[in-house]
Amino acid sequence: MGDGKTVYIRVIVTDGADNVGKSAEDNSNGTSAVIPSANTAPTVTASFAGKDTNYITIYATGQDREGGTLTYTLYVKTASGSWQSKATTTGSPNSRVTLTASGLTQYTDYYYKVDVRDRGYLTGTTGQKGSIKTYCPRFLAVHWSI
């Protein structure tokens, strides 16, 4: 049962004297119910979009069978660190959102993942994605001649 299907209900009642009463077996009396679909966790895909010395930008797209607004959260970590939430935004299912983790350390490898939460508070995740190294600072090259 479930997943939005209509089901027909037949009730059988037995009293203390073993007398049995039954409802109609057909739907002529309108005895039916629609079992609502169970909420399922949304899914999300993410891809690298860009970087600089102190930020990385990620694109994410979520899918949710039930529809409605999705909440996306970008997490980053270094190889020896723990996950830190760096950006949150909302969007519609099947629409790309942009998330930017800023305030990162220059020339450092970061792993990222994106979680997506639906209005029923179920969460899907990309899981850990490969590392992205932020750029090192740009230096002005000076040429000396003697």
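**A chat about a twelve-strand chain**

Q: Is Asp 109 buried, exposed or partly exposed?
A: Asp 109 counts as partly exposed, at 33% relative accessibility. Buried means under 20% relative accessible area, exposed means over 50%, and partly exposed is in between (1.4 Å probe, protein chains only).

Q: Before we go on, what kind of model is this?
A: This is a predicted model, where local features need pLDDT of at least 70, side-chain atom pairs count only at pLDDT 80 or more, and totals for chains, interfaces and linings use all residues. Residues are numbered from 1 along each chain as its sequence is written, and side-chain values use heavy atoms, with hydrogens and water left out.

Q: Thanks! Which residue does Asp 109 meet in a salt bridge?
A: Its partner is Lys 133, with N and O 3.3 Å apart. A salt bridge here is a side-chain nitrogen of Lys or Arg within 4 Å of a carboxyl oxygen of Asp or Glu.

Q: And what does that pair tie together?
A: Asp 109 lies in strand S10 (residues 109-117) and Lys 133 in strand S12 (residues 129-133), so the pair ties together parts that are 24 residues apart in sequence. Lys 133 is partly exposed, with a relative accessible area of 28%.

Q: How many salt bridges does the structure hold?
A: There are 2. Arg 65 and Glu 66 also form one, with their closest N and O atoms 3.6 Å apart. Arg 65 counts as exposed at 52% relative accessibility, while Glu 66 is partly exposed at 26%.

Q: Changing topic: how many helices and strands are there?
A: The chain has 0 helices and 12 strands. Both are DSSP runs numbered from the N terminus: helices are H or I with at least four residues, and strands are E with at least two.

Q: What sits in the largest nonpolar core?
A: That core has 19 residues, and those with the most contacts inside it are Ala 60, Tyr 72, Leu 74, Val 76, Leu 99, Tyr 112 and Val 114. At least two core residues come from each of strand S5 (43-51), strand S6 (55-63), strand S7 (70-77), strand S9 (96-102) and S10. Such a core is a set of buried Ala, Val, Leu, Ile, Met, Phe, Trp, Tyr and Cys residues joined through side-chain atoms within 4.5 Å.

Q: Which residues is Leu 99 in contact with?
A: Leaving aside its neighbours within four places in sequence, Leu 99 is in contact (heavy atoms within 4.5 Å) with residues including Ile 56, Ile 58, Ala 60, Tyr 72, Leu 74, Ala 87 and Val 114.

Q: How much of the chain is buried?
A: Buried residues make up 29% of its 146 residues.

Q: Which Lys residues lie over a ring face?
A: Lys 77 lies over the face of Trp 83, 5.6 Å from the ring centre. Lys 113 lies over the face of Tyr 75, at 5.4 Å. The rule asks for NZ of Lys or CZ of Arg within 6 Å of the ring centre and within 35 degrees of the ring normal.

Q: Last one: where are Tyr 107 and Tyr 121?
A: Tyr 107 is in the loop between S9 and S10, and Tyr 121 is in the loop between S10 and strand S11 (123-125). Phi of Tyr 107 is near 50°, a positive value in a residue other than glycine. For Tyr 121, phi is near 65°, also positive. Tyr 107 counts as exposed at 52% relative accessibility, and Tyr 121 is exposed at 61%.
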